[in-house]
Amino acid sequence: MQNIMIFGATSAIAEATARRFAERGDALYLLARNEERLARIADDLKIRGAHSVEFSPWDAGGVDHTQTLDRARAVLGHIDVVLIAHGTLPDQKGCEGDAETALREININAISTLAVLTPLANWMEQQNQGTIAVITSVAGDRGRQSNYVYGAAKGMVSTFLQGLRNRLYRSGVNVVDIKPGFVDTPMTADFKKGPLWAKPERVARDIVGAIDSGKAEIYTPFFWRWIMLIIRNIPETIFKRLSL
Amino acid sequence: MNISGWGQYPSIDAKTLNPLVDRDITNIFMAPGRDDSLIARGLGRSYGDSALAKSVIGMDAMDHFISFDETSGDLRCRAGVSLDQILAVFVPKGWFLTVTPGTKFVTVGGAIASDVHGKNHHVDGTFSNHVSLIRIATVSEGIVDCSRSEYSDLFRATCGGMGLTGVILEATIRLRPIKSGMIEERTVKVGNLDEAVEVFEANQDVTYSVAWIDCVATGANLGRSLVMMGEHADAGELNAHQKGKLSVPFNMPDFLLNPYSVHAFNALYYNRVSKPVSTRTVHYDSFFYPLDGIHQWNRMYGKGGFTQYQFVLPKGTGLEGMRLILQRIADSGRGSFLSVLKVFGKENDNYLSFPMGGYTLALDFKIGPGLFAFLDELDAILADHGGRVYLAKDARMSRACFRRGYPRADQFIRTRARYGADKAFHSLQSQRLGL
């Protein structure tokens, strides 16, 4: 049994991942803004086999998350895995028209994650064991006109995670950067779906696999590694002409 | 976005709403200028147009278990929970669905709305017979809990009501204790329809029974079938099913399905069993859900889609009607790969539930020129013999045929109006049928 803490636990990917943890009997501590939905998910995970499920309302908008972490530690004691999964999918056009909108989205998708990671890293470092897994995005690999505000935020988190992984290596703490491609969730409900789209259950399987095997970075589903390899390597003189 | 039912016919450009909590649903009802053709949609496994409307309420995110009583087997869950999920979680604990249709990829809400039946209808009735309570969001009364004693009119209208009374949010369903995930299966090979019915009648106390019927055979062979019966095994592990690995990746080209291939398939399938009676022990997944193993098998019928024609004929005169219809199908050369025959137990008192005591037959037809006129002819034979067509599979039935088959439709319509549902819920099917 592992003790697992999940930020943004009501997101479709986080919930699908939590179900896999529950099925193998892990103890879970869930955090998200929507308390009604958190309560529903908690009941559900217990029936699915979780050893125990606690939850607490949490808003990513705050800066000081030490209290949240302290409370979780009081409940769980030792923590084996922290999954950070909260986020939004900004309206790119809206961000282009209004700096406040753009900054708000950057705040939710990047700054808030760093605000959680900072005390969390210190704490895991003291513990000398554990995994920090963060859901970023393939969008962070290269800025594209269709969603570069989101991409910039996710890219910032990925760079931060690289450094953090490097720092925590000596303490035996693994840092996993999870980069999903297109995932069919309520967040992307309005998008036209095609063959590249994956279900949250598929992504969840990859996340659990990456955490268990101590990977540093995964693309999920796997083929995004090759798609992004190509996208990253297109020369900028050509890339700037493309409508991606 | 363009959506369709499992038969890929018809389709509609629909807006999908994705509620996360109950309030999101009542907000949809109260939104100014909202669409009056709303319908809830689960996994989209009804074959025709029952879950198609300009605005569909996707229940995907409402898929949570709420509580489970280990003494009674009562499971309370949200409407978006699939039977697939229930089996995955509860088979290892020693519980099974009391009634299951031929696919596990349906939601609890959808199973109630279609009041689905299974191979044990003659013993256990329909899905809703094992539902004690439904929480439903209505337009005029808000969120209410209905049962056989409270809001009983709403309960009777909602079970089998094709989502036209409100949005089902939660239900309490009774599971069945099992000792093993395996089924003891017995297959009896019979040469014609009379023999098939005899086998069904002689085995009324067997929990599960269904026949695959060769719908191409004629003359003395008319109705030759493999009658498959089953009981939960006493021995064996409580293993849940695995995820299916096979998939039909794209719509098959039209020429694959033709009278020759259908003939060959039916002959091969019938002759796959050589002994008159054979027994084996199989996992519940292959016994109940043989087609679930092949994802998107609906693409076998090509991009034009197909319709499943399922009807029931009452005992007594029904057998004569069944013979007439089988003969017409065999003569038409429109036969299908898999046709399924079953003897139903007695009817329940829901207004629009499909099963009635008698014989039911289900067959797939590829959509093509002349098909609907042909099915109208079958409908006429059906109506003359007191039968009806299953709404969960229908995409084309006429209003008149519906009215003749469902004599309690007026009570349904009145109940629907009492809860304000006629002001909000309409599917393409309800509009076609005048509901």
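Among contacts in chain B between residues at least 6 apart in sequence, what percentage join residues at least 24 apart? The figure is 76%. Keep in mind as you read on that this is a predicted model.

## Chain B as a whole

Let's start with the parts list. Chain B has 13 helices and 21 strands. Its radius of gyration is 21 Å, close to the 22 Å that the globule rule gives for 435 residues, so chain B is as compact as a globular protein of that length.

As for what's tucked inside, 51% of the 435 residues of chain B count as buried.

## Chain A as a whole

Now for the other chain. Chain A contains nine helices and seven strands. Here the radius of gyration is 18 Å, close to the 18 Å from the globule rule for 244 residues, so chain A is also as compact as a globular protein of its length.

Along the principal axes, the C-alpha atoms of chain A fill a box of roughly 55 × 40 × 35 Å. Buried residues make up 42% of the 244 residues in this chain. And if you take the contacts in chain A with a separation of 6 or more, 69% of them are between residues 24 or more positions apart.

## Two helices in chain A

Time to zoom in on a pair of helices. Helix H1 of chain A covers residues 12-23, and helix H7 of chain A covers residues 200-213. They pack with their axes 8 Å apart, at an angle of about 60°, which makes H1(A) oblique to H7(A). The crossing of H1(A) and H7(A) is right-handed.

Which residues do the meeting? From H1(A) come Ala12(A), Ile13(A), Ala16(A), Thr17(A) and Arg20(A). Among their partners in H7(A) are Pro200(A), Val203(A), Ala204(A) and Ile207(A). Sort the residues of this helix contact by type and you get eight nonpolar, one polar and three charged.

## Where the chains touch

How many residues of chain B are in contact with chain A? There are 12 of them, and they touch 11 residues of chain A. On the chain B side, strand S6 (residues 65-69) gives the most, with four residues.

What kinds of residues does chain B bring to this side? They divide into eight nonpolar and four polar, with no charged residues.

Technical notes
Residues numbered from 1 in each chain as written. Chains lettered and ligands numbered in written order. Predicted model: local features only at pLDDT ≥ 70, side-chain atom pairs only at ≥ 80, totals over all residues. Rg over C-alpha atoms; globule rule 2.2 N^0.38 Å. Buried ≥ 20, exposed ≤ 12 C-beta atoms within 10 Å, placed from the backbone. Contact = placed C-beta atoms within 7 Å. Nonpolar A, V, L, I, M, F, W, Y, C, P; charged D, E, K, R; others polar. Axes fitted to C-alpha atoms, helices over the stretch in contact; angles between N-to-C directions. Parallel < 35°, antiparallel > 145°, perpendicular 65-115°, else oblique. Left-handed = near helix turned anticlockwise from the far one by under 90°.
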